[in-house]
Amino acid sequence: MNITLNFLGLGYNNINQADVLIYDDCNNLVYNKKTYNNKLNICLKNNKIYRVVAISLNDRITTTIYINSNNYCFRFNRSIINENPDSITFLLTDYYYDNLPIERGEIILWQR
């Protein structure tokens with residue numbers, strides 16, 4: 001069955017994507033791929049159980065899924081779900097130091 005795994009909290013295109021490992025019920029690695037644009041399209045057997053491990057920027061998702069649908073959605077801890085579409089909040093970190101948040105500053109954004 002062709003399924004799509006969606007991951008919230010990743011980058012765009014091939015930037016800051018997740019490495020996804022998928023294991024069958026016998027703990028055999030069946031897929032080792034990288035997401036593109038927050039998605040991974042793969043073919044898995046229907047009515048089977050798989051363990052999904054996704055790793056991106058020191059953040060890890062480990063879960064078990066039962067294949068009976070075409071779409072599955074996962075959320076990395078750094079993703080922010082905001083009810084207000086006019087306001088966007090994000091975490092800005094230092095380029096040279098991992099996980100060092102930038103606490104002050106000003107960013108000016110504009111539309112093209």
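Modeller: Let's start with what a ring pair is: rings of Phe, Tyr and Trp (for Trp, its six-membered ring) pair if their centres lie within 6.5 Å, and planes under 30 degrees apart count as stacked, over 60 as edge-to-face and the rest as tilted. Keep in mind that this is a predicted model, where local features need pLDDT of at least 70, side-chain atom pairs count only at pLDDT 80 or more, and totals for chains, interfaces and linings use all residues. Residues are numbered from 1 along each chain as its sequence is written, and side-chain values use heavy atoms, with hydrogens and water left out.

Searching the whole structure turns up 2 aromatic pairs. In one of them, the ring centres of F7 and F74 are 5.2 Å apart with planes at 25 degrees, so this pair is stacked. F7 belongs to strand β1 (residues 2–8) and F74 to strand β7 (residues 71–75), so the pair ties together parts 67 residues apart in sequence. Strands here are DSSP runs (E, at least two residues), numbered from the N terminus.

How covered are these rings? F7 has a relative accessible area of 1% and is buried, meaning under 20% relative accessible area with a 1.4 Å probe, protein chains only. F74 counts as buried too, at 10%.

F7 also pairs with F76, and that pair is tilted: 6.1 Å centre to centre, with 35 degrees between the planes. Here F7 in strand β1 is linked to F76 in the segment after β7, 69 residues away. F76 is buried, like F7. Put together, ring pairs join F7, F74 and F76 into a cluster.

Methods. Helices (H or I, at least four residues) and strands (E, at least two) are DSSP runs, numbered from the N terminus. Buried means under 20% relative accessible area, exposed over 50%, partly exposed in between (1.4 Å probe, protein chains only).
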